[in-house]
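Dear colleague,

Please find the structure below. My notes on it follow, and I should be grateful if you would read them alongside the coordinates.

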Amino acid sequence: MRLCTVLIGWSFAFCLNAQTPDTLEASRLLAESSSLYQNGASDMFAVFEKAKRSKDLFTQALGKNHVRVGEAWRMMAMGANFLPNETPKVYFDNAYLVFKTSLGPNHPSTIFCRAWYGTLFGYAGDYETALEILETEAARFTEELEAPSSTLNLILSYISNFSLEAGDLEKSMLYNNKIRQMLEKFNLTGTRIGAMNLVQLSAILEKQGDIQQAIEARLKAIQIYEKYIELTHPAYAQELVGLSMVYLENREADQASSAAEKAAKILESQLGKYHASLIHVYAMEGEAYALKKQHQKALDSWNKALAVSRVGSNRNFLRHRNDLYLGLAQFHFNQQAFASAKSWCDSVLVACRFDPMKGLTEEQPVADWPNLTRALALKCRVLQAWCEKSPSAELSHQFITVNACLGDCLQYGKKPEIESVFDPQLYQKVLLPASEAALDFEHFNEKDAATRVGNQYRTAQFAKAEALVLGFHSNRVKHIDGLPDSLLQIENKLKKNLAELRSKVAEAEAQKDSVALQKYVVELFEKKQAFNRLQQTIDQRHPRFAKLRTETVLPSIEELRKNLLSDQQSALIEYFVGEKHIYVFRLTHEHFESWQLNLPANFDSLIVSFRQATGDHVLMRNDPLLSKSMYSKAATALSDLLLSKALEGLPETTARLIIVPDGPLHYIAFEALLTEHVAAFSTNQIRWDWRNLPYLVKKFAVSYGYSSSLLMEQNVPLKSRPPRMFAGFAPKYALKNMRLEDTLATRSLAVLVRNGQYELPGAQKEVTSIQQLIGGELFQDQQASEAQFRAYAKNYNVLHLAMHALVDDRNTSLTRLLFSKTPNDSLYDNQLSCGEIYALSLPAEMAVLTACNSGYGKLGRGEGAMSLARAFTFAGVRSTVTSLWQSPDERTERLMVLFYENLKKGMAKDMALQQAKLASLSETENQDLGHPFFWAGCVLNGNRQPLTFTAGPANPYLLGALAVMVMLLLGAVLTFKSPK
């Protein structure tokens, strides 16, 4: 005891002696610097200077590698973040080196400084370097944590953030869920750290296009912050800024401006009117006011942001400044102040260090690629509008140069892979309006008709269904380029695992099962890494295949004529739906032309009305008068807009139309549009005979395509076909027939639809009748399981699935087909989702999906509807017949039997489906069964060629054996006849 007292006394005396006047002053300065920073002071120069003086004093007194010196370097770095002429990377790096020497590489202070050093690369757009550093530091937390670590949470948050910015959604989700798991372990989900996790989740949801869920996550985060911090704290203001951004994304201007105004007031009062964080706040505020058309308020906010940027900003606020410049550019563009708008776009290009003459390459990376892309796109629109108003050779030359740069920039950022879709936000905000500007430019500036139409056609094709084209193309070429079966088997297994894990992640998210979610996200990330490694191996070992599968070339007009229009009976009509105009392209065997239509203000409502009038069986049954009125108005308006000029002047031999829709046009059945004017329906009309209307289908066989490039791919002659002809799947469900009551005044209609889990007698009869007609195999009742489909589908040329389907509008990968539930099947859940179908390889000639809404799904601009039909196409099927709405069980069965009867006669697929629909219209005595709901929803997409009803290629081993037998027999005969 006495010894302990002596030791304590010595220690106390030592500490007193160690605190020299210099170190006491250094400690005071460092404490003041830290206090200023933590309390949100606006004078960051004072923060930096106090820390710098503290560092110098500590270095003189204690040596350059003392812990206190490292703390001073760290505080200098934090202050330098907000100063215009300082480089915080240097200070963080120095702090890291001091801590590494004095405390070791695994100390939290060492890790913290190195991690902050890494984040600065991310803010400058170098995500690869940032992630490499951050993941290295995260790996130092190898042991199970016994207490929450704010440093680890910070690192994981930044990894999630920068992964999202770099386009790796799976990785972002993985690290976001790692944080969530850590928070749940220590019961911290309702704390400020939990709120930070919700903020990052909101960013992920926003990237996925789920804006409403993103807003809800942000609001939950703010509610948590309100419990722990004062509502005047700068951190609270930052959350309001984030909320404002999401509201702007959803075009909720009032909410966005309200949140931005509150944030600005807090930051002004706490940090002063020239603090760097106000750049972004004022920029968001300006955008919100501009959206509300309060132009002067918008300019006032942007001018305040500019004033702040000129005083307090530095290179670490690149994205904030670019957001500001883009807001100003868009504002001046809306005011038709083209010179100013162009100047602000150029400000972004300069800030991003982009040289238009050199373009964008791997060797010349740029900072802030997303905003660079937006700036180039907006500059295209500015130059086009300027050219249209004041034509000049110089402006035209500038437009052509910038448009080419935009194409390179978009190409650089596209990385199609399994189930990928071109970023919907980037397409909607960047590519769609820029493409429309390019189309308008050609429309007003190119006098030579052939050149103009050719240039416009190439523009309209850019990025249209590109991910789908690449997926189909890759599945096709891997079977013709000698890729070893062993690699294909490994790839198929990994694709299957990825698809199943994506479905499990989505299900766990929907059920809010965080334990399962984390487990599946980790597994998904690991499988994704394994898949990427396999792709690198394939590319290295088989460079020809690597080139083939990513090499999709836009077909020329002559190639389209030769491959799609060689019969001289066909015409191709393709649409581009922009923000102001619709462009229509018409190609026949002899002519190619295009024209511009003004987009009606009520265009979207016309689409909704027409779809409801044709495909809503509840409206048809319960309010037939309203159904007829809606149809007559919408069908007349859309027919006049979309078809009247397109059908004029077609060669008299034209009997077949290929329609390539765009945007919301994917949702309508063109066959149910009209070729002649019909008197508007009125309630005093006693009879309206649906069978006798002048539908488009009565004049033309109609088929569809996602893009001309994909149609060309689907039309490549098959070198080999699956060995068997037909497989029909009709599952057995647990519930009995739930026949819907019919309220029509005429005789009862069977309107049992295929979107539940009850028995479908029409589906059972459908596959049986088709099998009896053309042969093949049936998988019915318990045999119609997911396991059977996966095992045998690749062996058949025609796949026919008559079953229920469930559409998930929020998560399209979970849209699924319902197979029979089989007992003791632990491997499959008998619900085959879109995500799982994407991962299959199906070399079938045709897939017929007569389930409800199999051709319908959430719209991905440029890619079409994210539907079961698209999934089967991606998997390699050359043509699909699917339903745009709920399939009536009995009438679909009759329509399909007629379709296959016509195919058996040798008709092309589009002609066979047309004649089946016409027969369905003419053979029914009930005029109400002529309603488009009963026949128009089944549409053909892709290859139109007739089916070949012959066996697949013979087994080569069997052929060899037969050849040997023939030779032996011939030898024996010759021996027998030869003279002895």
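In which loop is the place of K293? K293 lies in the loop between α14 (278-291) and α15 (295-312); helices here are DSSP runs of H or I with at least four residues, and they are numbered from the N terminus.

Before I continue, some conventions. This is a predicted model, in which local features need pLDDT of at least 70 and side-chain atom pairs count only at pLDDT 80 or more, while totals for chains, interfaces and linings use all residues. Residues are numbered from 1 along each chain as its sequence is written, and side-chain values use heavy atoms, with hydrogens and water left out.

Confidence

The average pLDDT of the protein is 81, and 82% of the residues score at least 70; pLDDT is the predictor's confidence in each residue, from 0 to 100. Over residues 951-964 the pLDDT stays under 50, and the model has seven contacts beyond four places in sequence for them, a contact being heavy atoms within 4.5 Å. Residues 976-980 also have a pLDDT below 50, with zero contacts in the model beyond near neighbours in sequence. Where pLDDT is low, the predicted coordinates should not be read in detail.

Backbone

K293 is not a glycine, yet its phi is positive, at about 65 degrees. With a relative accessible area of 65%, K293 is exposed (exposed means over 50%, buried under 20% and partly exposed in between, with a 1.4 Å probe and protein chains only). N187, in the loop between α9 (169-185) and α10 (192-207), likewise has a positive phi, near 55 degrees. N187 counts as exposed, at 66% relative accessibility. Most residues other than glycine have a negative phi.

Aromatic residues

The whole structure holds 31 aromatic pairs; rings of Phe, Tyr and Trp (its six-membered ring) pair if their centres lie within 6.5 Å, and planes under 30 degrees apart count as stacked, over 60 as edge-to-face and the rest as tilted. The F92 and W116 rings are stacked, because their centres are 5.6 Å apart and their planes are at 5 degrees. F92 belongs to helix α5 (residues 88-103) and W116 to helix α6 (residues 108-123), so the pair ties together parts that are 24 residues apart in sequence. F92 is buried, at 0% relative accessible area, and W116 counts as buried at 13%. Elsewhere, ring pairs join F729, F779, F789, Y792, Y796, F819 and F872 in a cluster.

Two charges also sit over rings (NZ of Lys or CZ of Arg within 6 Å of the ring centre and within 35 degrees of the ring normal). The charged end of K89 is 3.7 Å from the centre of the F121 ring, and R114 lies over the face of Y96 at 5.1 Å from the ring centre.

Nonpolar cores

The largest nonpolar core has 79 residues, and L324, L376 and L406 have the most contacts inside it; such a core is a set of buried Ala, Val, Leu, Ile, Met, Phe, Trp, Tyr and Cys residues joined through side-chain atoms within 4.5 Å. Helix α18 (residues 369-389) gives the most to this core, with eleven residues. Beyond four places in sequence, L406 touches residues including T373, L376 and V430. A second, separate core of 75 residues includes F121, along with A26, V98 and F525.

How values were computed: Helix = DSSP H or I, 4+ residues; strand = E, 2+ residues; numbered from the N terminus.
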